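Opening my notebook on this one. I'll jot down what I look up as I go.

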Amino acid sequence: MLSNLVFCLNATMPIFLLMLLGMFFMHVGIFTDDFVAKMNSFVFRIALPVLIFYDLCREDFYKVWDLKYVAYCFCATAASILLVTGISYLLGNKNIQGEFIQVAYRSSAAILGVTLVENIYGTAGMTPLMILGVVPLYNIAAVIDLSFYKPNRGPMDKKLLAKPCRDILTNPIILGIVAGLLWSLLELPMPKVLDTTVSSVARLATPLGVMAMGATFDIKKALSSIRTAGLGAFIKLFGLCCIFLPIGIALGFRQDKLVAALIMCGSPSTVSCYVMAKEMGHDGTLTSSTVMLTTLFSAFSLTMWLFILKTMGFL
C-alpha cells in the first residue's frame with residue numbers, strides 16, 4: 001500500500017509543485033499576465049505539438065494505432081457531454097447553462113495528459129490517441145453549446161457552426177498528432193541534430209504549461225460562484241471517472257491507456273474554456289471559478305484515482 005501511494009505521489013506531486021511555483025512567480029511579479037498568456041500560447045502552439053510529434057514519430061504506427069481505444073475515448077466524451085447537458089437543465093440560472101456544460105466535460109487533456117503519463121512511463125504513451133479521440137469533439141461541442149445556450153439567448157448564430165471545422169483543421173495539437181503518425185508511417189529518418197533540437201523543444205512543454213496553469217489561479221474568482229462551480233468540479237473530477245473508468249477497465253485498457261482515460265475523464269477543466277466563453281458572449285465567472293477549483297483539487301483527486309487503480313493492479 002505504501003509503495004503504491006509513493007508511486008502515485010511521484011506522478012502527481014511534481015505537477016502540483018510546478019503549479020505552486022507558477023502561482024509564486026506570479027505573486028512576486030516574475031510572471032505577468034501578458035507573459036503567462038504568451039507562455040500559454042507558446043506551449044499550445046509549439047512545445048506541446050512538438051512533444052506529441054516527437055513521441056509518435058519514434059513509434060511503430062501499426063503498434064500505436066488502436067481503433068478500439070480511440071472509439072472508446074470518443075464515445076465516452078460524447079456521453080459525458082450529453083450527461084452534463086441533461087444536468088444543466090436542473091440549474092436555476094439558465095444564463096450560465098452553456099458555461100456549465102462546457103466546463104463540466106472539457107478536460108486539460110493535452111498538457112496534463114501528456115505530463116502525467118510521461119511522469120509515470122517516460123513517454124506520452126497512448127495520450128496522443130486519446131487526444132485524437134476527444135479534442136475535435138471538444139471543439140465542436142463547445143461552440144455548439146456556447147452558441148445555443150447563450151445568456152438571454154435568441155436564435156443560434158449559424159455562422160458560428162463553421163468555426164469548429166476551422167479549429168480542428170488548424171489545431172496545433174491535431175497537426176502534431178498527424179505529423180507524428182505520418183512520420184512514423186513513412187518511416188522517415190530522424191538525424192541526430194534534428195532529434196536533439198526537437199527533443200529540447202519538446203521538454204519545455206511540461207514545466208512551462210503547468211506553471212502557466214498555476215499562474216492563472218485566482219482564489220477570489222474560485223469563490224465567487226462556489227455552489228454551481230462546486231457541482232461542476234465534482235462532476236469533472238469524480239463523477240465522470242466513476243462512470244467511464246470502469247467501462248475502460250471492462251474493455252481491457254491498462255497502463256498508459258488507462259491513465260490517459262483518467263485524464264480524459266478526471267483532469268481539471270481547461271483554461272481555454274474561459275477564453276472561449278468570453279469570446280462567445282458569456283460572463284465567464286462560473287467558468288473561471290470551476291477551472292480554478294478543478295485545478296486546485298485535481299492534485300488530490302488524481303492521486304486518489306491513481307492510488308485506487310495501482311492498488312487494484314491496473315497500472
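This is a predicted model: local features need pLDDT of at least 70, side-chain atom pairs count only at pLDDT 80 or more; totals for chains, interfaces and linings use all residues.

Which helix gives the largest share of the nonpolar patch? I looked it up: helix α9, residues 172–186, supplies four residues.

**Entry: the patch**

I listed the members: Tyr62, Val178, Leu182, Leu185, Leu186 and Leu188 make up this nonpolar patch on the surface. Together they have about 600 Å² of accessible area.

**Entry: Ala179**

I stayed in helix α9 and went to Ala179. Ala179 has 33% relative accessibility, so I put it down as partly exposed. I then checked a C-alpha separation: Ala179 and Val50 are 129 residues apart along the chain, yet their C-alpha atoms are separated by 9.5 Å.

**Entry: helix α2**

How far apart are the end C-alpha atoms of helix α2? I got 35 Å for residues 33–57. With 25 residues at 1.5 Å a residue, the span should be 36 Å, so the two values agree. I also looked for a bend and found one of about 45° at Val43 in α2.

**Entry: aromatic pairs**

I counted ring pairs with centres within 6.5 Å. The count comes to 11 aromatic pairs. For Tyr69 and Tyr72, the ring centres are 6.3 Å apart and the planes are at 35°, so I logged the pair as tilted. Both tyrosines lie in helix α4, residues 67–88, three residues apart, or about one turn of the helix. An α-helix has 3.6 residues a turn, so residues three or four places apart point the same way.

Buried or exposed, for Tyr69? Tyr69 has a relative accessible area of 0%, so it's buried. Tyr72 comes out at 6%, which means it counts as buried too, given the cut-off of under 20%.

Which residues do ring pairs link into a cluster? I noted four phenylalanines: Phe24, Phe25, Phe31 and Phe35.

Technical notes: Residues are numbered from 1 along each chain as its sequence is written. Side-chain values use heavy atoms; hydrogens and water are left out. Helices (H or I, at least four residues) and strands (E, at least two) are DSSP runs, numbered from the N terminus. The expected span of a helix is 1.5 Å times one less than its number of residues. The bend at a residue is the angle between axes fitted to the seven residues ending there and the seven starting there. Patches are made of residues with over 30% relative accessible area and no salt bridge: like charges are joined within 9 Å, nonpolar side chains (Val, Leu, Ile, Met, Phe, Trp, Tyr) within 5 Å. Accessible areas come from the Shrake-Rupley method with a 1.4 Å probe; for residues, only the protein chains shown count as cover. A salt bridge is a side-chain nitrogen of Lys or Arg within 4 Å of a carboxyl oxygen of Asp or Glu. Rings of Phe, Tyr and Trp (its six-membered ring) pair if their centres lie within 6.5 Å; planes under 30 degrees apart count as stacked, over 60 as edge-to-face and the rest as tilted. Buried means under 20% relative accessible area, exposed over 50%, partly exposed in between (1.4 Å probe, protein chains only).
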